[in-house]
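Open the model in a viewer and keep the selection panel at hand. The stops below run from one chain-to-chain contact to a contact inside a single chain.

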Amino acid sequence: MLKNYFKIAWRNIKRHKAYSAINVAGLAIGVAACLLIFVVVQFELSYEKFQPNYKNIYRIVLQQDLGDGISYSEGTPYPITAALRADFPQVKLAALNTAYNSQFTVPANANNFGADNKKFVEEIGVMFMQPQFFDIFKYKWLSGDASVLNAPNMVVVDRSTAKKYFGDWQSATGRVIKMDNQINLKVAGVIEDVPGNSDLPLKVLVSYATLKTHLHEYNADDSWNTVSSNHQVFMLLPANATVSNLNAQLKVFTKKHYGGNDNDHKVHFLQALSDLHYNTRFGNSLGDHITNKATIRTLSLIAVLIILMASINFINLSTAQSVGRSKEVGIRKVLGSSRAQLIKQSLGETTLIVLFALLIAIAIAKLALPFLKNIASVPDDISLFSIGSLLFLLTTTLVIVLISGIYPALVVSGFRPVLALKNKITAASVGGVPLRRVLVVAQFSISQLLIIGTIVAVRQMNYINSADLGFNKEAILVIPGSTDSVSLQKSAPFKAQLLQTPGVKNVTFTADQPSSQNNWTTNFYFDHNTTDKNYQTSLKFGDADYFKTFGLRFKAGHAYTQSDTTNGVVINETFAQKVGVHDYNSIIGKSVKLGNGQWRPIVGVVEDFKTNTMRDAVRPIVLVQNKKQQGIVAVKLSTSNFAGTVASVQKQWEHTYSDYAYSGYFLDQNIAEFYKQENQLALVYKIFAMIAVFISCLGLYGLVSFMVVQRTKEVGVRKVLGASVSSIVYLFSKEFMLLITISFIIATPIAYYMMNSWLQNFVFRIPLSVGVFVLAIVSSMLVAWLTVGYKAVKAALATPVKSLRSE
Amino acid sequence: MLSLKNISKYYKAGNLKTSILNNINLDVDAGEFVSIMGPSGSGKSTLLNIIGMLDEPTDGYHYFLNQPIHQLKEKQRQALYKENIGFVFQAYHLIDELTVYENIETPLLYHNIKSDERKALVADMLDRFQIVGKKDLFPSQLSGGQQQLVGIARALIVSPKLLLADEPTGNLNSKQGDEIMELFKKLNKEEGMTIIQVTHSEKNAEYGSRIINLLDGTVESSKNV
């Protein structure tokens, strides 16, 4: 019996190749897309879940009000660890201080540093770590244990870093490496690589005791007033404690330890480990990305919509096709088949097609998997198959078989045999047309939603990529360097040397590029006032050529002159406006005092440039020379012989700073990186809108083919009565135009709401104009026309004799 | 075997009542070969469908093998039908996607007959109608007469007590038609199969043992041959 069903199913698939192809293609693409999204969502939701204490681990974070609104920081002041240990003896806690772009020098053999040292720069994953960290988080130790981190100048590396530095992890222990050309460290332990789904990439763990004598080099300060997001404290919630309880105690703790003003506007509280990967209030200072829960929800929603569309197609096409099979059903009934048996047969056929589509879907997903990292931050070795994804496939199959199988099965098995045998089953009698209209409207609503999403996301990203940042980001090579005294002494001669190089236009030594995700802020005094302003200003350090090199535009005054001692400062428009000066010329000559420094005259006002990302408002800023911080060199190049100049600059840099590894980058590419997640989301919209449009076109094509068949006779009669080809094409297309208009009306408010809230992430954003929506409906109409047109014209051109002959 | 009492069938469309059958009384004994004749629209096919339980009368009493069909539930009616009635159609109504062999086998699947037994039964049938060589062909590859043979083989494979035929020769040329009629006569005479056929042709009707003439939904005449 089963064999018989499958045989018929297979022969049916073969006989109706076009229908089957549409059915299978739509479903396969839909399932493949969903499977990939599922893999991404599952990965994003799995962060840190492998930690046995997952539910009880918290990070101590900071809420502060610095005068310009409440802000949050994942950082803590350096002295907090000791104070916490004293005030909360029952709590297990551990501090870590992360270091970015640290360089490690590895001697080629034994422990003798020489000319053949290997140099590695670690972007992330380098942390000064307290041994207590391993009481809270659990990792597998390949060699050594947490206690080795008690002593200063010890280091623990993970398996792959050990392999990178020493060839294999077994020979790592006992070796000596040098950190940032100044700290010698002894390898005392090796841990297993941390899984990809963690925001704590432990690569090189330097004992925290080492930090004590190098606080300044790693942006730390033994003071309650300095908060660096690099310094973080994790803790394990004791069995008898609650979060609200501890938060209350932390409030008291904050009051007790912070002096002066900080007392009132800083408070520490607990952030759960389960919140770490998703909360955008806090930066991501340890791992490589955090993901907004809203993004995950958007992705999941898209997946659900796509699978819904594919199922709708399936229902649409199956019921349409079932009309053609009414005769077979009639015969089977006459031959003694029960309704249950017919339903089983119909479900069997659906199952077969779904399974077939599923295999193709898996193949598509497998082929597309390597490209997944373009739309999501997933590791290269992410696997398509897991218990979760297999369960997902199984559930999807069942759901699709049920939704798209049951309805056609009920319709088909309910045919009255007498009518079925006389071919009197029509679209009307399967109740299909109204339902089919609803389904087409649903499909087109989803497509238009995604089309609008695409247009908005792409436009916003284009806007960001081409926006005037207030400075020139093109052809600027940025080379991070060190601020140790030896390196700083080389700055001036190196700059002079570079300026001699053909193709180099300008050179500046700086601490930070104009647009960055860094924030260096301080309190300040204006115009010899004795009390400081109740908000902070941002700082950027650079030498006198900073303005020339980055092409900053002056509104008033001029750049400060080159000098080793501090003289004038330059401010931006926002700064001037915030202190209440609108005539920029009048602020020239007034003075500011930064923190506890000297009074300095303002010599220039620059036009506002984007100090951070386009997500953030422009901050008030003071540009000032501070030679001790200016380790980064930025080189403006001419575009002729670009590659040659870059190579020459690199060579000269490596020669001058031979102890350091070169890690230069281009400013424009670096700025584009700020928007990696947004660009990914825009790409997701693009891809899935295309899939959605494709699937709904398949559906539309299926529907129109079906209607053409149903109305052949009507068309014949109309033609005999003198209807023109165009009037018949109109007959078929007017309905679809109406359906698309209805779906547009449904999609627009949802899309408006969705995209408007997405745009709120950006301070600098495009307006959500009518044009976007017009473009969406026009393109939908156009695509629908292309789909329907061919079939409609063909039907209109058919000779009426043929269609009327059957009666 | 079969008894229809005061069977009527009509459709209502708005205020308009269209009568198809009007107060039909008919008894058929086991072993009879009845031919129903009448012009187009006289209700012969509807009558046959009611006898075959493919259609329900609006009024009247219908007994089959002493069971009151008009009182049975759908399931019981279907079981009774499945066991006892075979159908042959003017348009053959073979399943296009199945081979000759599979078409004949299909009713056995619905009777839950085991694979071995099915093979034997289908083989017998192919033999009996001398279509063994055609067993792997699809309906579209056969002539009309051959298709109708397959249709009859399919109807007979479950050994029904009553064979219903709706213009079985309507789509065939006269030679093929004669062969089918001879086959029916042989089935009736040699195996005692009860047959009711609807036909247009005077000549074909003569093969039966009784001819019933319908006109406008009523029995106009009934005569034994």
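A salt bridge here is a side-chain nitrogen of Lys or Arg within 4 Å of a carboxyl oxygen of Asp or Glu. The model is predicted. Select R11(A) and E102(B): their side chains form a salt bridge, with N to O at 2.6 Å. Between chain B and chain A the count is 1 salt bridge.

Next, show the contact around that pair. Chain B and chain A each put 23 residues into the contact. About 2,300 Å² is buried between chain B and chain A, and carbon and sulfur atoms give 57% of that area. On chain B, pick H93(B), E97(B) and Y110(B), which lose the most area to chain A and together make up 32% of what that side buries.

The count of residue pairs in polar contact between chain B and chain A is 4. Colour α2 (74-84), β6 (85-89) and α3 (100-110) of chain B; each supplies at least two residues of the side that touches chain A. The largest share, 5 residues, comes from α3(B). By class, this side of chain B has 11 nonpolar, 6 polar and 6 charged residues.

Now move into chain A. Select domain 1 (1-47 + 288-430) and domain 3 (443-464 + 675-807). Their C-alpha centres lie 22 Å apart, and the contact takes 33 residues from domain 1 of chain A and 26 residues from domain 3 of chain A.

How many salt bridges are counted between domain 1 of chain A and domain 3 of chain A? The count is 0.

How values were computed. Residues are numbered from 1 along each chain as its sequence is written. Chains are lettered from A and ligands numbered from 1 in the order in which they are written. This is a predicted model: local features need pLDDT of at least 70, side-chain atom pairs count only at pLDDT 80 or more; totals for chains, interfaces and linings use all residues. Side-chain values use heavy atoms; hydrogens and water are left out. Domain bounds come from an automatic or database domain assignment. Contact means heavy atoms within 4.5 Å. Buried area is the accessible area (1.4 Å probe) that two parts lose on being put together, summed over both. A polar contact is a pair of N or O atoms within 3.5 Å; within protein, one must be able to donate a hydrogen and the other to accept it, and residues adjacent in sequence count only if both atoms are side-chain atoms. Helices (H or I, at least four residues) and strands (E, at least two) are DSSP runs, numbered from the N terminus. Ala, Val, Leu, Ile, Met, Phe, Trp, Tyr, Cys and Pro count as nonpolar, Asp, Glu, Lys and Arg as charged, and the others, Gly among them, as polar.
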